[in-house]
Each structure stands twice: as C-alpha cells, then as structure tokens.
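Colleague: I would like to go through this protein step by step. Could we take the whole chain to begin with, and then some single residues?

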Amino acid sequence: QYRLRFENLLDFDFDGDRTDDNDYFGQRIRLDFDFTVNERLGAFVQVQDARFWGETNSTVSRASPGLDLHQGFLRVNGMPLTGGDVRLGRQELSYGDARLVGSLDWATQARTFDGGRWRWHPSEKSDLDFFAVQLREDRTTLNRHDDAALFGLYWANRCDDGSLDLYALGLNDQMTGAGGNEIRFTFGARGTHRFDAFELGAELATQAGEVDNADIPLGETYGAHVHGTYRFEGRIKPY
C-alpha cells in the first residue's frame, strides 16, 4: 500500500485570536506478508513507514523514525477443546463505529495494540470477542507498577436489516497523571436498522469504576450517538 495525503488546517481550534493554520503532506507505505502453515495455523506481518514530508532533518541520516512493525501476530483457527480463533501479537482492533476501540486508520501512522484476541462464532451471523492488550509497560523502575491494560468482551450480531452490538470494556491504569490508580469499566450497546436505502443507528454507553480513589457512579457518566444514512443506488455513489 502507498498512501499520500495533503492536509490543510485553517483555524483548527476555532479561535480567531490564535494562529494555528498549517499544511503538510503525510505519507504511508505498507508491505504485508501473510504466512499459512495449514488451515489452522498461520501468521501475519505488516511493516509500515509513516512520516510527514520534511520531518527528517537530513535524508542521509541513518535514523528512520517512521519505520515500524505495524502488525505482527500468530493466528490459530479452530482452537482445540474451546473452539474459536485466536490472534496473539501486535494487531489492529476495531469494534462498531470505532468510537471507543479502533485502528484509527485516518491517522497517517494508524493504531495497533499488543496483546491477544479470542473470537468465537456462536452463529453464522454473530461473533463474540474477548481481548486483552497492554497499553503501557514500565521496565525502567524496579519495585514499581506503572502498567496500563485494556480488556473487554464484544458481541456483534448481524441480520438482514440491521445489527446489534453489546460490549463491556475495562481499563486498568496503575499510574494516572495524579500518581494514583484507575480502574474504569464501560458498558454499552449499539444498533442499526435499515429501511431500503435509509439506515438509522444509535449507540449508548455508561461507565463505572474508580479514579484516584474517587468513585465513578454507574449511570452518572454516559455517551450517546444517533445517526442517519442514505445509500445512493445506481451510478452516483459519493464517498
């Protein structure tokens, strides 16, 4: 993959008293390697170079700040005894409309997670995922826990005229900005329904937990989203 994009930001923070206009080229190159041992075992490796034109002070320098392993994971299909498919390693995760957990493909560098995902297929049109990923690992200080992890369950069900998702997510951050701990749970539902060319959708989520010894009461924090979509037929299909 080769992607080149020009961006032009005009009054980016909507504050006319501040000068925050900017323009730049973003470039992304990806090279994929897909290895299949047999119908159950395989691996995927994706090398990525993401950078902005001119960010490297000298093109003769040995430094290559944009080159990285974007994805690299082992996959096992049809796990013995328990069933389901497993991915273990660095991988993209994206659920629903990617408002809470997503690969952020719009960004030049995009986003991946280090960890594992276990996917069951309760039926032909539904998936149940359990995932656990490491967001931060502190190996510089002995006798100190400064890690952060994200985990969750996500059930997605598809039907002929819509979809329904239910999810429960957890965030465990052992060192917040204030020096305390954070354990935060998010519970939500997302649904869509299609009427011929129209689609209506909604998502609602709430949280509970504790941040720096302060409770997050269940139901007092929430997020809501409603959308409507019209799908063009024929030759005219704007993107």
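Modeller: Let us start with burial. This is a predicted model. Of the 239 residues in the protein, buried ones make up 30%.

Colleague: How far apart are the mean positions of the positive and negative charges?

Modeller: The protein has 26 positive and 39 negative charges. Take the mean position of each set.

Colleague: Now the rings. Is the pair of Phe6 and Phe25 stacked or tilted?

Modeller: The structure holds 10 aromatic pairs. In the pair of Phe6 and Phe25, the centres are 5.1 Å apart and the planes are at 50 degrees. Stacked planes would be under 30 degrees apart, and edge-to-face ones over 60. The pair of Phe6 and Phe25 is therefore tilted.

Colleague: Which strands does that pair of Phe6 and Phe25 tie together?

Modeller: Phe6 is partly exposed at 44% relative accessible area, and Phe25 is partly exposed at 32%. The parts they tie together are 19 residues apart in sequence. Phe6 lies in residues 2–9 and Phe25 in residues 22–36, so the strands are β1 and β2.

Colleague: Is the pair of Trp118 and Trp120 stacked or tilted?

Modeller: The ring centres of Trp118 and Trp120 are 5.2 Å apart. Their planes are 10 degrees apart. The cut-off for stacking is under 30 degrees, so this pair of Trp118 and Trp120 is stacked.

Colleague: Which residue lies over the face of Trp106?

Modeller: Look for a charge above the ring. The distance to the ring centre of Trp106 is 3.8 Å. The residue is Arg5.

Colleague: Is Leu135 buried or partly exposed?

Modeller: Leu135 sits in strand β7, residues 126–136. Leaving out residues up to four places away in sequence, Leu135 touches Phe113, Ala148, Ala149, Leu150 and Leu171. Its relative accessible area is 44%. Buried would need under 20%, so Leu135 is partly exposed.

Colleague: How far apart in space are Leu135 and Phe113?

Modeller: Phe113 is among the residues that Leu135 touches. In sequence, Leu135 and Phe113 are 22 residues apart. From C-alpha to C-alpha, the distance is 7.2 Å.

Colleague: Is Ala110 buried or exposed?

Modeller: Ala110 lies in the loop between β5 and β6. Its phi is near 60 degrees, a positive value in a residue other than glycine. Most residues other than glycine have a negative phi. The relative accessible area of Ala110 is 10%, under the 20% limit, so Ala110 is buried.

Colleague: And Asn213: is that residue buried or exposed?

Modeller: Asn213 lies in the loop between β11 and β12. Phi is positive here too, near 70 degrees. The relative accessible area of Asn213 is 71%, over the 50% limit, so Asn213 is exposed.

Conventions: Residues numbered from 1 in each chain as written. Predicted model: local features only at pLDDT ≥ 70, side-chain atom pairs only at ≥ 80, totals over all residues. Heavy atoms only, no water. Buried < 20%, exposed > 50% of the residue type's maximum accessible area, 1.4 Å probe, protein only. Lys, Arg positive; Asp, Glu negative; His and termini not counted. Charge placed at Lys NZ, Arg CZ, Asp CG, Glu CD. Phe/Tyr/Trp six-rings, centres within 6.5 Å; stacked < 30°, edge-to-face > 60°. Helix = DSSP H or I, 4+ residues; strand = E, 2+ residues; numbered from the N terminus. Lys NZ or Arg CZ within 6 Å of the ring centre and 35° of its normal. Contact = heavy atoms within 4.5 Å.
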